[in-house]
Amino acid sequence: MNKKVVMGLSGGMDSATMAAYFLSKGYEVFPVSFDYGSKHNQYERKTAEQFANYYNLKLQKVELPFIGQLFKSNLLKTGGEIPEGHYESENMSQTVVPGRNIIFISIMAGYAWSIGASYIAVGVHAGDHAIYADCREEFIASMNASILNGTEDKVRLIAPFQNLDKAGILEIGHSLFIDGYDVGVPYQFTRTCYKDQELSCGKCGSCQERLEGFQKIGRQDPIQYEE
Ligand SMILES: [Zn+2]
């Protein structure tokens, strides 16, 4: 196994923390940004680019327009309104994009094999498990088995934050030491909101979970929210 890792860099705080976490451990990080036609993709990609530039990473951009055309989800531009309320509540299931991580991970497996990277990492966390089946431990374990089988044992899937909540991830992010950079993850270059607007709303489940995380660790979220 080598110290090369391919990962999804969504532009949000979980994958950003994970990228910094692997950099702090001396890994070479190969981030991938997927545009699958979600309402927030254009804003997320901007923060993913800013974040990648901060650490001098080359961001691979993958366009998946068929998802918006064929799949049903309120997270997509083709779907209905983004629900407000708590992240784990029933109405947030409207934001499930069917099989999204199955597709992302499969693409990253092919990319990892192509560049000789031993690992694919995903930033799923405990808060995702309630509504997103393709973020749960069982899924990660069986997907890892499939990838090992499908790549002659060359690539494996890891999810280092799968048992942490947002606050736990933020605690890690504020304690990393990365050679040549300030201590801590540049959270100003991340965005979590699901809505189709420049400024984060602070009200959707995703925003609420992020704000709760910062509150829990007693720190100020550096991004700007709408009034
Ligand atoms: Zn929001």
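In this predicted model, four bridges join β2 to β3, and these two strands run parallel. They belong to an open sheet of five strands, ordered β3-β2-β1-β4-β5, with parallel pairing. Helix α1 packs on this sheet and is largely enclosed by the rest of the structure, because 11 of its 12 residues are buried.

**Sheet**
- The edge strands, β3 (60-63) and β5 (156-158), each pair on one side only.
- From one strand to the next, the twist averages 25 degrees.
- Ser33 stands opposite Lys61 in β3.

**Helices on the sheet**
- α1 touches β1, β2 and β4, and its direction makes about 175 degrees with that of β1.
- α4 also packs on the sheet, where it touches β1, β2, β3, β4 and β5; the direction of α4 makes about 155 degrees with that of β1.

**Helix α1**
- α1 covers residues 13-24 and reaches 16 Å from its first C-alpha to its last, close to the 16 Å expected.
- Its buried residues include Met13, Asp14, Ala19, Tyr21 and Phe22.
- Among the elements covering these buried residues are β1 (4-8), β2 (28-35), α2 (41-54) and α7 (205-216).
- Gly26, which follows α1, has a positive phi near 85 degrees.

**Nonpolar core**
- The largest nonpolar core has 54 residues, and Val5, Val6, Met7, Ala19, Ile120 and Ala121 have the most contacts inside it.
- At least two residues of this core come from each of β1, α1, β2, α2, α4 (100-115), β4, α5 (137-150) and α6.
- α1 gives the most to this core, with eight residues.
- Leaving aside residues up to four places away in sequence, Val5 touches Phe22, Tyr27, Val29, Phe30, Ala117, Tyr119 and Ala121.

Terms used:
Residues numbered from 1 in each chain as written. Predicted model: local features only at pLDDT ≥ 70, side-chain atom pairs only at ≥ 80, totals over all residues. Expected span 1.5 Å × (residues − 1). Buried ≥ 20, exposed ≤ 12 C-beta atoms within 10 Å, placed from the backbone. Contact = placed C-beta atoms within 7 Å. Core = buried A, V, L, I, M, F, W, Y, C linked by C-beta atoms within 7 Å. Pairing = 2+ DSSP bridges. Axes fitted to C-alpha atoms, helices over the stretch in contact; angles between N-to-C directions.
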